[in-house]
Amino acid sequence: MRPTACSMTRSRTTCEEARLLPLNLYDPFGFNKNQSSEKKERRLVMEVNNGRLAMIGIMGFLAEGAVPGSVSLLKGVIPQYEGNVMIPFEGDFHWFPGNI
């Protein structure tokens, strides 16, 4: 049996990760390949924290739409939403032209 490049150069865990995730979702085009590992790690933590903050922000908008006045900074800015926020269209696609 001929050894593959994965078995020769990578650890078993890294090889399994490469098989499951063929695309590096943090840096898919390799723009950061010349940076130090400390800088890459710091920027990855910043990216994860940015995503968490975005999720908290969207939950604030959803809360204000569902319960008016629940987020004082958005009071009167976001209209009340009467639908189900988890199923936004509920099969009602008359907004999109060409759909019946």
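**View 1. Asn 32 in its loop.** Asn 32 is found in the loop between helix H2 (12–20) and H3 (helices, H or I, of at least four residues and strands, E, of at least two are DSSP runs, numbered from the N terminus). This is a predicted model, where local features need pLDDT of at least 70 and side-chain atom pairs pLDDT 80 or more, while totals for chains, interfaces and linings use all residues. Residues are numbered from 1 along each chain as its sequence is written, and side-chain values use heavy atoms, leaving out hydrogens and water. So is Asn 32 buried or exposed? It's buried, because its relative accessible area is 15% (buried is under 20%, exposed over 50%, partly exposed in between, with a 1.4 Å probe and protein chains only). Leaving aside residues up to four places away in sequence, Asn 32 touches Tyr 26, Asp 27, Lys 40 and Arg 43 (a contact is heavy atoms within 4.5 Å).

**View 2. Tyr 26, a partner of Asn 32.** Tyr 26 lies in the loop between H2 and H3 as well. With a relative accessible area of 28%, Tyr 26 counts as partly exposed. Which residues does Tyr 26 touch, not counting those up to four places away in sequence? The list is Asn 32, Lys 40, Arg 43, Leu 44 and Glu 47. Take Arg 43: Tyr 26 and Arg 43 are 17 residues apart in sequence, and their C-alpha atoms are 9.5 Å apart in space.

**View 3. Two Phe rings, Phe 29 and Phe 31.** The chain has one aromatic pair (ring centres of Phe, Tyr or the six-membered ring of Trp within 6.5 Å; planes under 30 degrees apart are stacked, over 60 edge-to-face, the rest tilted). That pair is Phe 29 with Phe 31, and it's tilted: 5.9 Å centre to centre, with 40° between the planes. Both of these Phe residues are exposed.

**View 4. Helix H3, from residue 37 to 66.** Here the end C-alpha atoms of H3 are 44 Å apart, which agrees with the 44 Å that its 30 residues should span at 1.5 Å a residue (expected span: 1.5 Å times one less than the number of residues). Look along H3 for Gly 60, Glu 64 and Gly 65, which are buried.

**View 5. Lys 75, past H3.** Lys 75 sits in the segment after H3 and is exposed, at 60% relative accessibility. Setting aside residues up to four places away in sequence, Lys 75 touches Glu 64 and Gly 69. Lys 75 and Gly 65 are 10 residues apart in sequence and 9.4 Å apart in space, C-alpha to C-alpha.

**View 6. The whole chain.** Of the 100 residues, 7% count as buried. The chain exposes about 9100 Å², and carbon and sulfur atoms supply 63% of that. Among contacts with a separation of 6 or more, 0% come from residues 24 or more positions apart.

Terms used. Areas by Shrake-Rupley, 256 points an atom, 1.4 Å probe, with all protein chains shown as cover.
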